[in-house]
Amino acid sequence: MKELALLTGASSGIGLEMAKELAAKKIDLVLVARRGEILVDLKAELENKHGIKVYTFAKDLSDPANAMALFHDVKDLQLQVTMLINNAGFGGYGNFVETSLEEELSMIQVNISSLVALTKLFLPDMIQQNHGRIMNIASLLSFLPFPYYSVYSASKAFVLSFSETLRTELEGTNITVTALCPGPVDTAFNTSEMLQTNAYDANKPMDPQIVAKKGIGYMLAGKGTKIIGLMNWFIANMPRFSPRWLTLKITKHLASRKK
Ligand SMILES: NC(=O)c1ccc[n+]([C@@H]2O[C@H](COP(=O)([O-])OP(=O)(O)OC[C@H]3O[C@@H](n4cnc5c(N)ncnc54)[C@H](OP(=O)(O)O)[C@@H]3O)[C@@H](O)[C@H]2O)c1
């Protein structure tokens, strides 16, 4: 069966590198992000370099109606998506009482609602073919609550929980769900405010190319939840060894501005 990967958030960072990684494996692509002009340039580059077919869709996933419209656009072209990578997402840093409600509601729509909508819409065809791969980009913050990233860390806890339950429901089929959980990655995600916190001293951002390569490898191999990097593994597993109040003290310190 001809593989076709739909990848959201393909215009920069981890998503851009995953697009290149999939293209190098000769997998056709459906690329999605708001910045359509970047996707059009990427399409030309990847088609020329790898002889694959790339489709692009400029969509704002902060409105889940656009995720539904994307599904219909893809169906209208009679494309059969065999791999779904829900990578589009963004974070935010600050005291919850001071941060923007509009931004946070938009974050919930992109990080959660559109991810759920796309999974719901593309899964039935995978079930029918008994063939598919889904990968959701979760985070190190999926494993433990991080003060000053309150809505973001809660949104990524959702992504991990959703991915693991869906993976379990799909046991016995040929469809797997991977939750990729990176720690800090060197992309536009990290604002200058975030970079001035303690967390980044001890845990330097990783190269997005490395994260993308590992992620695609895990997804193709049908792996479940994968944390990238040994340091991130230790931080993610902190709640197993320390009481919740202590975990929160530590994550509050990590997320605080450097003195
Ligand atoms: N960087 C990190 O430290 C880190 C760590 C753990 C997890 N993650 C996760 O990794 C994923 C990718 O982030 P990144 O680090 O690669 O950041 P990035 O470089 O900022 O890329 C984010 C991607 O998401 C897309 N996107 C954002 N808002 C969107 C919207 N409303 N509609 C459609 N697309 C939207 C962006 O495209 P447009 O702007 O063109 O729409 C862009 O392609 C995210 O889910 C993030 O939460 C990142």
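**Close-up views of a predicted model**

**View 1. Confidence across the elements.** Among the elements of the protein, strand 4 has the highest mean pLDDT (99), while helix 7 (residues 199–202) has the lowest (87). Here pLDDT is the predictor's confidence in each residue, on a scale from 0 to 100. Helices (H or I, at least four residues) and strands (E, at least two) are DSSP runs, numbered from the N terminus. For the protein, the mean pLDDT is 97, and 100% of its residues reach 70 or more. This is a predicted model, in which local features need pLDDT of at least 70 and side-chain atom pairs count only at pLDDT 80 or more, whereas totals for chains, interfaces and linings use all residues. Residues are numbered from 1 along each chain as its sequence is written, and side-chain values use heavy atoms, with hydrogens and water left out.

View 2. Seven strands form an open sheet in the order 3-2-1-4-5-6-7, with parallel pairing; two strands pair if DSSP finds at least two bridges between them. Strand 3 (54–58) and strand 7 (225–227) stand at the edges with a single partner strand each, so one side of each has no neighbour in the sheet. From one strand to the next, the twist averages 15 degrees.

View 3. Strand 6 (residues 175–181) and strand 7 run parallel and are joined by three bridges. Which residue of strand 7 is the bridge partner of Leu180? The partner is Lys226. Helix 2 (residues 36–50) packs on the sheet, where helix 2 touches strand 2 (28–33) and strand 3 (contact means heavy atoms within 4.5 Å). The direction of helix 2 makes about 175 degrees with that of strand 3; axes are lines fitted to C-alpha atoms, for helices over the stretch in contact, and angles run from 0 to 180 degrees between N-to-C directions. Helix 4 (residues 101–129) also packs on the sheet, touching strand 1 (4–8), strand 4 (83–86), strand 5 (132–137) and strand 6. The direction of helix 4 makes about 170 degrees with that of strand 4.

**View 4. Helix 3 against helix 4.** The axes of helix 3 (residues 64–76) and helix 4 come within 8 Å and cross at roughly 30 degrees. The two helices, helix 3 and helix 4, are therefore roughly parallel to each other; angles under 35 degrees count as roughly parallel, over 145 as roughly antiparallel, 65 to 115 as roughly perpendicular and the rest as oblique. Among the residues making the contact are Phe71 of helix 3 and Leu118 of helix 4. The contact residues divide into 10 nonpolar, three polar and two charged. In this grouping, Ala, Val, Leu, Ile, Met, Phe, Trp, Tyr, Cys and Pro count as nonpolar, Asp, Glu, Lys and Arg as charged, and the others, Gly among them, as polar.

**View 5. Helix 4 against helix 5.** Helix 4 and helix 5 (residues 150–169) have axes that come within 9 Å and cross at roughly 15 degrees. Helix 4 and helix 5 are therefore roughly parallel to each other. The contact includes Ile112 and Leu115 of helix 4, along with Phe158 and Phe162 of helix 5. Its residues divide into 12 nonpolar, three polar and two charged.

**View 6. Helix 1 against helix 8.** Helix 1 (residues 13–24) and helix 8 (residues 208–220) pack at an angle of about 55 degrees, with their axes 8 Å apart. That angle makes helix 1 oblique to helix 8. Residues in the contact include Ile14 and Met18 of helix 1 and Val211 and Ile216 of helix 8. This contact divides into eight nonpolar, two polar and three charged residues.
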